Amino acid sequence: MKSPARCLMLLVLTGLVISDTLPVSATDPKRVKVAADLKRSADGNDLSSASPLTLWYQQPATNWNEALPLGNGRLGAMVFGGVAKEQLQLNEDTLWAGGPYDPVNTNALAALPEARQLVFAGQYDTAAKLIGDKMMAVPLRQMPYQTLGDLFLEFPTNGPVTDYRRDLGLDTAVATASYTVNGVHFTRETFSSPADQVIAVRLTANQPGKISFTARLSTPQEASVIVETNKGTRTPMSLVMSGVNGSAQGIKGALKFQARVAVMATGGKCEPGADMICVTNADSATLLIAAATSFKNYQDVSGDPQRTTQKQIADAGKRAIADLLAAHRAAHRKLFRRVELNLGETEAMKLPTDTRIRHFAEGNDPQLAALYFQYARYLLISCSRPGSQPANLQGMWNASMKPPWESKYTININTEMNYWLAEPGNLPECVEPLTHMVLDLTQTGARTAKVMYGARGWVAHHNTDLWRATAPVDGPRWGMWPMGGAWLCQNLWEHYLFSGDKEYLRRIFPAIKGAAQFFLDTLVEEPNLPGPANLVTCPSLSPENLHPASKTSICAGPTMDLQILRDLFANCIQAGEILGEDKEFLRQLAAIRARLAPLQIGRAGQLQEWLKDWDLEAPQIQHRHVSHLYGLFPSAQIDVHTTPQLAAAAKKSLEIRGDQATGWGTAWRINLWARLRDGDRAFSILQDLLSPRCTYPNLLDSCPPFQIDGNFGGASGIMEMLLQSQNNEIQILPALPRAWPTGSVRGLRARGGFEVDIEWKDGKVATYHIRSREPREVTVRINGQTEKTVSEKL
Ligand code: FUC
């Protein structure tokens, strides 16, 4: 038994429930407010009635940031749970604007030598102007990810509503709204099934003949809706919306799409309207929603969405809703139940989720941090499964035709952060869409490397989209950064480190090798630095941060680039040795790696962000990006044990940067402080992340606006506080905050193919278990000491 009920039972049996009551001071207005909220919501229930893995609310969503996300990797819905009107805002993860396109700029190569010269001469603004004129992608911006539209269900309501509750079970992946009107209790359950590739909505009531509603589809896309009848089949009536995607930036929409909603009622009547279906006095009803586009891959849009959706509806329609639900739950739990986390439970657990977010920063709700962690796992399972697109800036949930930053893949931090939790959080399957995308990028990026840089290998800059565009976009200040592909390779390498899967390594080696090759051909000597360690990227930038020598970010050899390259070359050498690749190439890489410009400590004792000691004069000294600290996290080349001086400098930089940033910037800082072994500082930043400044009522991250990286990065930070495994050590509770004195975790993964369980009490490790396929010797750092142990068999 691995259920949440079991977690709770264990907690009670082992005395881990650390506080029964919320300390309330009569004079502290905030505390009095918590007490009042508790009184209103708790109804005298004991803690065991509070469900630790559920988000719940006492009112319908009044806006998108209160609606609850469902997804099967590909097909997503935001569920509002209204009483008179239900809204399901729908997404299909290949519905982006545009079509296959090639944005390389054929003028770039000729301009490259001059751009370099200008940068080395300190004429940064002139360099930026030249880059803007000659080296940016055509078109300058990439394609947006767009909404599919909405399904609206309208219900006749004639009477006051009581007992309203709306929730999302993370263990079931079902969103439920229930309420009573005129003595009839209604329940509406919705899920997006990875097993059957449809969204299902089940409407029931506790009295027969009470389900009446109209169903209607609407969309801002170019599309039309008809009602299709298939008499004599299990799905006799469907709303069918067919359309084409939009054009953007002069790239013509090339996708067809279709959404299909089958409406099935038991008892009562089901009648077609012109563009709606009307159900009257049914005992219960089920809706099945399918959607698809003609996207097959970034070069091929010849799919048949009509055939796909017809088949999905016909197949799912043959099965009872209970069977669909069982298959859905099993597919979800297979991934979700691998990890359990208990950080202690308090009375605050009885409160609705939106209230808990408002109060988290006041302390004493450790379970909300555990819920936030599990929510991130839930979200990744829901938006990134084998066969789907990777998690974009909004995962896969987007109501707009023009979302912020086009809801793309921003690969100067955001996409990489989306996957930080996947490996330690025991969701390695969810990385598959990312692997697939990187392998696509090696193809489009090879053309960009050749045409724009005259180089071998492949390159991707700071963003990509469904069409795998790799040229620099948006403007020199943001786009002229050739490191996006190299950083993504680090995510893939981590997948290998955690699993030890040599087949996977063989599959990704060409990506790592090609990324390295690009830099062998494009690194240049910085003439102002003494050799031989004077190789740098140029032109480049430290993501999005202006430096004080100009109005631009354009520079040579920013610290982050040098750190990413140290990793890329080291990984390529190690992978090449494991796979028996060409020794000469690996030797060449090692020689070039040794010649990369060094990391430097600046006059404030900080780790310099640039080759020059500019940090203290930079116009945005507290910039959201902490790019130069990549070496501390997610990389491990800066480490408190192995490179204490650099770690101290990184700490100084982090202090200068400050704790508050965008959602993802805040989340990154949690991971960094955990790597610096300061659990309390990491926790205080988590308190900020998990407060209304950075978290919406639906527990999704607010950048602002909504951006999912903060959820994923925050969850990664929570794990970094409990377990780390860089540099060939498994570190148990490396940065446990005082706020979580007692707790347990089961099923986290560590590099080297290990799974780890930990129980702790009074801030100290009580027991731990390390398991692997074959028992192996492992170095463990625990309570400040290292020891050798042998892992148990998995
Ligand atoms: C980078 C960040 C922004 C935002 C965008 C998607 O440009 O600097 O804050 O996250 O990506």
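**Figure 1. Surroundings of Ile732 in the predicted model.** Apart from its neighbours within four places in sequence, Ile732 is in contact (heavy atoms within 4.5 Å) with Leu722, Leu723, Val756, Ile758, Val765, Tyr768, Val780, Arg781 and Ile782. The model is predicted, so local features need pLDDT of at least 70 and side-chain atom pairs count only at pLDDT 80 or more, whereas totals for chains, interfaces and linings use all residues. Residues are numbered from 1 along each chain as its sequence is written, and side-chain values use heavy atoms, with hydrogens and water left out.

**Figure 2. The nonpolar cores.** Ile732, Phe213 and Trp668 have the most contacts inside the largest nonpolar core, which has 237 residues. Helix H8 (residues 366–383) gives the most to this core, with 13 residues. A second, separate core has 13 residues, among them Val198, Ala290, Ile321 and Leu325. A nonpolar core is a set of buried Ala, Val, Leu, Ile, Met, Phe, Trp, Tyr and Cys residues joined through side-chain atoms within 4.5 Å; buried means under 20% relative accessible area, with a 1.4 Å probe and protein chains only. Helices are DSSP runs of H or I with at least four residues, strands are runs of E with at least two, and both are numbered from the N terminus.

**Figure 3. Helix H14 and the residue that follows.** Of the 21 residues of H14, 17 are buried, so this helix is largely enclosed by the rest of the structure. Just after H14, Gly580 takes a positive phi of about 70°.

**Figure 4. Arg468 in its loop.** Arg468 lies between strand E19 (463–464) and helix H11 (476–479) and counts as buried, at 3% relative accessibility. Its side chain is joined to that of Asp440 by a polar contact of 3.0 Å; a polar contact is a pair of N or O atoms within 3.5 Å, and within protein one must be able to donate a hydrogen and the other to accept it, while residues adjacent in sequence count only if both atoms are side-chain atoms. Not counting residues up to four places away in sequence, Arg468 also touches others, including Tyr298, Gln389 and Tyr409.

Figure 5. Oxygen atoms of the ligand lie 2.9 Å from an N or O atom in the side chain of Trp664 and 3.3 Å from one in that of Asn414. The protein covers 95% of the 290 Å² of accessible area that the ligand has on its own, by the Shrake-Rupley method with a 1.4 Å probe.

Terms used. Buried means under 20% relative accessible area, exposed over 50%, partly exposed in between (1.4 Å probe, protein chains only).
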